[in-house]
Amino acid sequence: MVKFFEQEARFPRHVGELPKAAVDYGAGQLKVGPALLAEYGRHGPWGAGQRRV
């Protein structure tokens with residue numbers, strides 16, 4: 001996320017904007033599947049409904 005912000009000057013709007021390798025790495029760190037991580041990104045506490053942009 002930080003590297004994306006450094007390069008794009010904004011945070012990603014959805015997981016699809018992140019490189020697959022980054023999503024896979026994050027999922028591995030959390031010990032969940034990449035699909036579950038993508039679902040959390042849409043509906044979890046960092047989802048669009050919770051962010052103020």
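Is Glu 17 buried, partly exposed or exposed? Glu 17 is partly exposed, at 24% relative accessibility. The close-ups below come from a predicted model.

**View 1. Arg 10 and Glu 17 form a salt bridge.** Their closest N and O atoms are 3.0 Å apart. Arg 10 is partly exposed, with a relative accessible area of 24%. Arg 13 joins in: Arg 10, Arg 13 and Glu 17 are linked in a network of salt bridges. The structure holds four salt bridges.

**View 2. Glu 6 pairs with Lys 3 in helix α1.** The closest N and O atoms of this salt bridge lie 3.1 Å apart. Glu 6 and Lys 3 are three residues apart, so about one helical turn separates them. Both residues are exposed.

View 3. Lys 20 is exposed, with a relative accessible area of 61%. Asp 24 is partly exposed, at 30%.

**View 4. Ala 9 has a positive phi in a loop.** Its phi is near 60°. Most residues other than glycine have a negative phi. Ala 9 sits between α1 (2-8) and α2 (20-30). Ala 9 is exposed, with a relative accessible area of 63%.

**View 5. Lys 31 also has a positive phi, about 60°, without being a glycine.** Lys 31 belongs to the loop between α2 and α3 (34-43). At 77% relative accessibility, Lys 31 is exposed.

Key:
Residues numbered from 1 in each chain as written. Predicted model: local features only at pLDDT ≥ 70, side-chain atom pairs only at ≥ 80, totals over all residues. Heavy atoms only, no water. Helix = DSSP H or I, 4+ residues; strand = E, 2+ residues; numbered from the N terminus. Buried < 20%, exposed > 50% of the residue type's maximum accessible area, 1.4 Å probe, protein only. Salt bridge = Lys/Arg side-chain N within 4 Å of Asp/Glu carboxyl O.
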